[in-house]
Amino acid sequence: MACQQSRYHSFSSASRLQPRPSGVTVDESFLTEDKSTQNRKLLQKRRTLTGQFSMGGHLSPWPTYTSGQTILQNRKPCSDDYWKRVGSCQQHSFRTAKPRYLEELENYLRKELLLLDLGTDSTQELRLQPYREIFEFFIEDFKTYKPLLSSIKNAYEGMLAHQREKIRALEPLKAKLVTVNEDCNERILAMRAEEKHEISLLKKEKMNLLKLIDKKNEEKISLQSEVTKLRKNLAGEYLHYLSERDARKILIADLNELRYQREDMSLAQSPGIWGEDPVKLTLALKMTRQDLTRTQMELNTMKANFGDVVPRRDFEMQEKTNKDLQEQLDTLRASYEEVRKEHEILMQLHMSTLKERDQFFSELQEIQRTSTPRPDWTKCKDVVAGGPERWQMLAEGKNSDQLVDMLLEEIGSGLLREKDFFPGLGYGEAIPAFLRFDGLVENKKPSKKDVVNLLKDAWKERLAEEQKETFPDFFFNFLEHRFGPSDAMAWAYTIFENIKIFHSNEVMSQFYAVLMGKRSENVYVTQKETVAQLLKEMTNADSQNEGLLTMEQFNTVLKSTFPLKTEEQIQELMEAGGWHPSSSNADLLNYRSLFMEDEEGQSEPFVQKLWEQYMDEKDGYLQELKQELGIELHEEVTLPKLRGGLMTIDPSLDKQTVNTYMSQAFQLPESEMPEEGDEKEEAMVEIFQTALERLQVIDIRRVGPREPEPAS
């Protein structure tokens with residue numbers, strides 16, 4: 001008996017390890033049928049096989065000591081005395097024949113396994129099917145052991161179901177791991193690009209500073225040479241003037257001497273001319289000469305004492321020139337010191353940058369060593385429906401994250417087409433009201449185009465009349481009105497599963513965000529009104545009503561409709577509309593084609609770019625609010641502080657708009673909002689991150705420029 005149990009377990013293990021065949025005709029619907037249907041089919045098959053296999057409709061007797069031959073012969077012994085029992089069994093096998101019922105069962109099992117082995121796509125579930133049927137025959141025929149065998153079978157079936165659920169639960173983790181790996185790779189590439197850009201800027205700045213230092217040094221050298229030259233010129237001029245002064249003194253002395261001689265000669269020749277006493281005149285002349293000698297001595301003394309003294313005018317001029325040169329020298333020294341300090345700072349920054357670069361490079365090498373390789377997306381062309389042509393069309397211009405989303409949509413759409421029913425999610429509070437149902441719900445299997453048309457009709461009805469009910473309640477009432485109460489729940493599950501999968505479709509993704517409360521209805525309504533207003537402005541600019549505008553008119557309409565957009569954003573919209581840098585302003589544009597949609601609701605790139613810019617502007621607006629408040633996300637923010645931050649970054653906001661934002665951030669009706677300056681405002685606090693997430697849901701945007709324009 002122990003040997004037979006060992007053979008049974010070995011045979012079961014071997015059967016689980018074999019791959020599923022392909023091309024074998026196996027009843028796969030057996031796995032999806034309910035328990036009663038499976039039991040009824042097994043009972044009918046067992047009766048048929050029992051009538052075919054047994055001797056006269058009864059089990060053939062067989063001694064317990066007969067050989068325990070099975071289909072697979074490569075068994076491992078379960079104990080040391082296994083060979084003794086095998087020898088005993090082999091001796092009896094020569095004397096006793098195996099029952100025909102057992103032989104037929106083994107032949108049937110061998111035949112089924114052989115058919116499964118001929119294929120290549122058989123699953124483990126299909127490989128277990130023949131064993132289930134054989135085991136069911138034993139359970140039904142051995143009445144005495146039926147409870148025990150049934151409990152054993154149920155235990156194994158429960159364990160298999162548990163393992164299947166566990167495998168399904170682990171599949172999203174694998175996709176999440178791939179996504180996280182790709183995000184890390186993108187961040188590393190972005191950091192490397194930013195580092196290269198910063199290094200190049202630092203190198204350029206360093207070269208500019210080195211050039212500036214060289215230029216200043218050259219100026220300093222030229223000024224020093226000029227000062228030296230001026231000093232030499234000054235010394236030469238001084239010597240020249242000194243020699244001129246000495247020559248003048250000699251000339252004056254010679255002239256005086258000649259004059260004195262001339263006077264003496266004139267007095268000696270005509271003594272009676274003056275009518276004076278010669279003795280008196282001689283005495284006077286002698287006294288005069290003594291005075292002249294004394295005066296000459298004083299003059300010589302003064303010249304000896306003040307010979308090196310320059311005139312005050314020259315001194316003041318030289319002093320002024322020297323002062324100017326000294327100021328220039330001090331300025332150059334200060335500039336040189338600043339440049340030297342900046343150079344030292346730049347060198348320190350350069351060294352720290354080099355250290356960070358080496359650290360990032362080592363981290364990059366470590367990440368490249370430990371991370372998984374990037375996926376080869378070309379392998380998907382043979383798997384995606386439509387072949388390589390459709391895959392090339394779908395994958396064009398998409399990054400890895402978008403390719404993963406696309407593959408998930410392809411896989412999800414394939415699974416949706418295969419499902420006939422959806423399991424109900426129950427009546428829990430976390431379940432949306434339109435999905436509260438217990439039991440199986442039929443899959444209506446509409447096409448993608450049908451789902452988009454149905455969602456567009458729902459939006460039209462929602463916008464046609466003022467609806468006071470919530471959007472999920474309106475959605476379910478719309479389905480009841482369209483398909484009747486009996487099919488409303490089935491269509492609700494079908495639409496929900498479709499819009500949850502197709503994130504790349506604008507109509508489905510926006511409807512799903514509004515339905516799940518991730519985005520307000522006003523966002524969708526405002527975006528549609530903006531597009532309609534832009535089309536109206538273009539139509540008004542089209543005076544000929546031909547559907548054509550020049551690029552200059554197109555640019556003018558965009559700037560007048562979106563006065564707060566930057567030149568770069570206007571440029572992006574024009575490029576999305578078909579403008580190229582090589583185009584001229586006289587080129588014509590068919591503006592009506594920019595607002596067209598395909599059969600699946602996909603807009604043209606121009607409208608998609610409008611939506612992308614709106615989301616970027618909203619994120620930038622909230623980021624600017626975060627920087628203005630200067631608090632962490634986990635900290636609390638009061639109502640006055642949040643209101644003040646909004647008014648600072650957007651002074652053009654009116655009171656009604658600010659109250660709407662505050663009502664959304666603090667989850668209070670506008671009628672219960674306290675007035676500005678009320679003491680109740682300080683008591684109203686909220687986590688800053690929670691407030692930002694709530695503001696992200698609604699239509700929040702900049703009303704005017706941050707700095708109001710001065711009144712003219």
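**Salt bridges and their setting**

Reply: A salt bridge links Asp 246 to Arg 245, with 3.2 Å between the closest N and O atoms. The model is a predicted one. Both partners are partly exposed: Asp 246 has a relative accessible area of 33%, and Arg 245 has 29%.

A second pair spans a longer stretch of sequence. Glu 624 and Arg 702 meet through their side chains in a salt bridge of 2.7 Å, N to O. Because Glu 624 belongs to helix 18 and Arg 702 to the segment after helix 22 (688–697), this pair ties together parts that are 78 residues apart in sequence. Glu 624 is partly exposed at 22% relative accessibility, and Arg 702 is likewise partly exposed, at 24%.

Over the whole structure, 23 salt bridges are found. One of them brings together the side chains of Arg 168 and Glu 165 (2.8 Å, N to O). These two residues both lie in helix 6 (residues 146–269), three residues apart, about one turn of the helix. In general, an α-helix has 3.6 residues a turn, so residues three or four places apart point the same way. Arg 168 is partly exposed, its relative accessible area being 46%.

Helix 18, which holds Glu 624, also has a part in covering a neighbouring element. Helix 16 (551–561) and helix 18 (605–629) are among what covers the buried residues of helix 17. Those buried residues are Gln 569, Ile 570, Leu 573 and Met 574. Viewed down the axis of helix 17, they fall within an arc of 140°, so they line one face of the helix. Glu 567 and Glu 568, on the other side of helix 17, are exposed. Following the helix comes Gly 578, with a positive phi near 115°.

With a relative accessible area of 17%, Gln 569 counts as buried, because the cut-off is under 20%. Beyond its neighbours within four places in sequence, Gln 569 is in contact with Gln 613 and Glu 617. With Glu 617 there is a polar contact, side chain to side chain, at 3.4 Å. Leu 610 lies 41 residues from Gln 569 in sequence, yet their C-alpha atoms are 9.4 Å apart.

Key: Residues numbered from 1 in each chain as written. Predicted model: local features only at pLDDT ≥ 70, side-chain atom pairs only at ≥ 80, totals over all residues. Heavy atoms only, no water. Buried < 20%, exposed > 50% of the residue type's maximum accessible area, 1.4 Å probe, protein only. Contact = heavy atoms within 4.5 Å. Polar contact = N/O pair within 3.5 Å; in protein donor to acceptor, adjacent residues only side chain to side chain. Helix = DSSP H or I, 4+ residues; strand = E, 2+ residues; numbered from the N terminus. Arc of directions from axis to C-beta. Salt bridge = Lys/Arg side-chain N within 4 Å of Asp/Glu carboxyl O.
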